[in-house]
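Walk me through this model, taking the helix packing, the strands and the charged pairs in turn. Please give the cut-offs behind each term.

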Amino acid sequence: MHSLSDVVRDEATRLGLDHSRDTLIRVGVEMRSRHGPGALARRVLPRLTDRAVVDSIRNPGEVAVLRRLPRFLLLGIDAPQPLRFQRSLLRGRLGDGATLEDFARKEERENSTTRAGQQLLATLAQADVVIVNDGTIGDLRRRAREALAARGLRLTVGRPRKPS
């Protein structure tokens with residue numbers, strides 16, 4: 001599993017910055033501004049193997065870079081906002097928002113229309129399949145396996161295969 005958020009966290013650490021939500025958003029926008037909207041995806045490409053999962057894709061430019069990979073499939077995972085807020089409280093990350101209203105304002109800012117900004121809705125609109133994540137983690141795994149199986153792909157869990 002590879003995360004574009006980890007690419008941003010690595011850069012924030014390199015710059016001596018904290019990992020609050022606002023800081024990570026700012027660092028991601030700066031990286032996309034300097035190196036183009038697909039910058040985060042280009043940074044993760046060398047880490048990918050034959051079969052890989054990449055999460056935290058938040059800009060259509062990242063999708064464009066990843067679509068160059070053979071058999072790339074973009075699964076959009078969405079959940080109702082109140083449920084996302086409840087989950088953020090359980091996660092306890094710095095800067096997620098203490099109230100539903102604050103959380104909603106932060107999400108609205110993340111739906112930028114700037115080329116280098118996070119464009120959550122525009123990215124979700126490019127998904128090949130959208131899975132509603134309104135149940136348990138087991139439900140999500142089952143829905144993801146079903147979506148992949150319908151496209152002839154199989155989700156394997158466990159240690160990655162050794163390259164041949």
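Helix axes here are lines fitted to C-alpha atoms over the stretch in contact, and angles run from 0 to 180 degrees between N-to-C directions. Helices (H or I, at least four residues) and strands (E, at least two) are DSSP runs, numbered from the N terminus. This is a predicted model, in which local features need pLDDT of at least 70 and side-chain atom pairs count only at pLDDT 80 or more, while totals for chains, interfaces and linings use all residues. Residues are numbered from 1 along each chain as its sequence is written, and side-chain values use heavy atoms, with hydrogens and water left out.

Helix α5 (residues 81–91) packs on helix α6 (residues 100–110) at an angle of about 105°, and their axes are 10 Å apart. The two helices are therefore roughly perpendicular; angles of 65 to 115 degrees count as such, under 35 as roughly parallel, over 145 as roughly antiparallel and the rest as oblique. On the α5 side the contact (heavy atoms within 4.5 Å) involves Q81, P82, R84, F85 and S88, and on the α6 side L100, F103, A104 and E107.

Strands β3 (residues 75–78) and β4 pair in the parallel sense over four bridges, where pairing requires that DSSP finds at least two bridges between the strands. Within this pair, G76 stands opposite V130 of β4. Strand β4 (residues 129–132) has V129 and I131 on its covered face, and V130 and V132 on the uncovered one.

The whole structure contains 15 salt bridges, each a side-chain nitrogen of Lys or Arg within 4 Å of a carboxyl oxygen of Asp or Glu. One of them joins R47 to D10, with the closest N and O atoms 3.8 Å apart. This pair links distant parts of the chain, since R47 is in the loop between α3 (39–44) and β2 (54–55) and D10 is in helix α1, 37 residues apart. R47 is partly exposed at 40% relative accessible area, and D10 is partly exposed at 45%; buried means under 20%, exposed over 50%, and partly exposed in between (1.4 Å probe, protein chains only).

Another salt bridge connects E62 and R32 (2.8 Å, N to O). E62 lies in helix α4 (residues 60–66) and R32 in helix α2 (residues 21–35), so the pair ties together parts 30 residues apart in sequence. E62 is buried at 0% relative accessibility, and R32 is buried at 4%.
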